[in-house]
Each structure stands twice: as structure tokens, then as C-alpha cells.
Amino acid sequence: MKRIGIAASAAVLALSFGAPAAQAQELRLSTFVPPVHIIYREIIIPWGKDLEKATNGQVKLTGYPSMQLGGKPPELFRQAVDGVADLVFTLPGYTSPAFPRVGIIELPGLKEDGFEATAMMWDLLDPYLLPEFKGTKVIALWGAEDAGLMTRTPKAYRTLEDIKGLRLRAPSAAQAKQIQYMGAVPIAAPITEVYPGLERGTMDGAMVPFTTILDFRLGEVAKGFTISGPIFGRSVFLIAMNEKKYNGLSAANRAAIDKLSGRELSRKATDVYIKRAEQAVASVRGKADVYELPKSEQDRITKTLRPIIDEWIKDSEAKGIPAREMLRKAGYKGV
């Protein structure tokens, strides 16, 4: 009887105080950017805090910037697919051959600004782009601000002739082709290699979004900056989650992720980048040669690059990709 009484008391205590709280599930996010990067600070970390709050502490995000989980930047998407990391922030352009459909955003002059480019990506995501993200859940997908040109010399590029024969860093295979069409030599390299490349002279210049002036301290080694307008392809950015990890969460926690992710988060990331680019350009005005391409030179370069779109259509359709259909859906009038 005494033992029964003790057991009954224990049952009452359990009912009074509840079962022990379940241990929070950790989501590990890997990325190549440093912890001071604008997206890490203003998008990734706040998203993690919002997720923790929305799940009542059941899901917590831990960030691993600067490739702390190992590997190299071009390996990040594969890390998400394989579960090496639960989430990654990366650029599909680092492994362009694996993303021929996503490459549509990197075509020259397709959209006027990053907001239009981001909207295009989400309009095309289902059903056109999703096959390339197999094995992951797309958390955010967005286009950067206008790509520009920077040089290690004190004079910014002003015409096509200024860059002929020079070695310029290219963010992706599609943008490498644009550099080739302008008569320069593309160098495929992640953004983390641009600083030493400019510093040592293994690169003459780079095609980059200008947020990198601040976020990767390129203003220290680049001395000329050409604001080109929307004539080049845009870099596309991705936050992706391992699909099995996502499916292993409770329905309520998956719903919380869904609510916090998607088109709205992507547009917010675009806004962060555009504002950061404006700050970055302002930081080098008066210290370096900053030049804005006139409309006449923009039109000249656009005409030079136009065949790239035709090539993309031909190459994509040879792979069974409905390129013309995608371009029409994107609002492009040239097909």
C-alpha cells in the first residue's frame, strides 16, 4: 500500500508539472559569407530567431559562417542535398552546369531591377525551376542588385574597348560568356577569391554586385567602379534546406517554416541587397573613380550581348528545357 501511495503521488506530480520539455531540434546553416555579411546579419539570423519564436523554442537555428562546417563554397548546395548541413546560403551560379534553368536570371538585361528579377524567379519556380532543387526545400530565392564592373587600376571602365583582353572575374558561367562577348577573359571564382585576386594582380577586374564593396572589403583593393545599369545578368542567391530534415519536423514546425519563408522573405533579401549596394557605392565616391555608363554605351553593350539569349534558348531546348516558354512567362518580348 505504501508503494502504491508513492506511485500515486508521483503521478499527481507528473500531471501537475507536465512532462519534461522536448529537446529543441537544431538546424545547422552553412554558408561562405562571414558573420558580418549583410544577409547573414539582417536575413539569416533574424529568420532563425523568428523561427524559434514561432515554434515555441522547438526549432533553433545555428549558423556556421565562413565555411565552418568544411568544404568550399561551390559545394554548399550539395551539402544541403546530402545533409552535411541542414540549410545553406549559397549561389547556384557557383555550379552553373547543375542549374541550367535557374540560369535564366543570369541572362543579360532581362529585368530592370532586383525586385523584378526576384518576382520572375518565384513566378517560374513551380514547375520550371523546382526540378533543379531536388532534395531540398527552397527557403528563399532572389536576384541581386545590378551587376557592375570594378578594376584594380585607378580608372573605371568607360567603354567596351577599355576591357578588351583583360582578366575579369565572372560570378557564373552565363556571366563568363558575357565577359567573353565583350572581349575580355573570364576567370571563374567565388567572391571570396576576388580580394586576393585583385590585390595580387591575378585579376584585372571583376563583374560583381556592388554590395561586395563593403561585405567583402573590395573597396580596399579595387580603385575603379563602373555602374552599368541593368544590362548584365544578375547573380541569384539561394537559401535551401535539406528536404529530409524538413519532412522530419512536425507538421506545426513545417508550417512555421513555410510561413516565414518564400516570396516575401526573398523580396526582403532583395531590398537588403539593393540598399546595401547604395551604401557601398557611397562609401567609395570621392575615394575612387566611380563612373556611370551613359545610355548610349549601355545600348551598345546590350546589342553586343543579345546573341547570348538566343544561344541559351538553343542550348536549353537541346536539353529538353522549355526555354521559350519560360522567357514568355518571364515577360520577355524577344521570343
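Start by selecting Met67, which sits in the loop between β2 and α3 (helices are DSSP runs of H or I with at least four residues, strands are E runs with at least two, both numbered from the N terminus). Its phi is near 60 degrees, a positive value in a residue other than glycine. Met67 is buried, with a relative accessible area of 13% (buried means under 20%, exposed over 50%, partly exposed in between, using a 1.4 Å probe and protein chains only).

A word on the model: it is predicted, so local features need pLDDT of at least 70 and side-chain atom pairs count only at pLDDT 80 or more, while totals for chains, interfaces and linings use all residues. Residues are numbered from 1 along each chain as its sequence is written, and side-chain values use heavy atoms, with hydrogens and water left out.

Now click on Ser66, in the loop between β2 (59–64) and α3 (76–82). Here phi is near 55 degrees, again positive in a non-glycine residue. At 40% relative accessibility, Ser66 counts as partly exposed.

Next, Phe99, in the loop between β3 (87–90) and α4 (114–129). Is Phe99 buried or exposed? With 4% relative accessibility, it counts as buried. Show its contacts (heavy atoms within 4.5 Å): leaving aside residues up to four places away in sequence, Phe99 touches Phe77, Pro92, Glu132 and Phe133. Glu132 is 33 residues from Phe99 in sequence, but their C-alpha atoms are 6.0 Å apart.

Then go to helix α4 and pick Pro127.

Last stop: select 295–305 (α12) and 307–318 (α13), which pack at about 30 degrees with their axes 5 Å apart. Axes are lines fitted to C-alpha atoms, for helices over the stretch in contact, and angles run from 0 to 180 degrees between N-to-C directions. That makes α12 roughly parallel to α13 (under 35 degrees; over 145 is roughly antiparallel, 65 to 115 roughly perpendicular, the rest oblique). Lys303, Thr304 and Leu305 in α12 meet Pro307, Ile308 and Ile309 in α13.

Stay on α13 and colour its buried residues: Ile308, Ile309, Trp312, Ile313 and Ser316. They cover an arc of only 145 degrees around the axis, which puts them on the same side of α13 (the arc is that of the directions from the helix axis to the C-beta atoms). Their cover includes α6 (173–181), α12 and α14 (323–329). Just after α13, Gly320 takes a positive phi of about 85 degrees.
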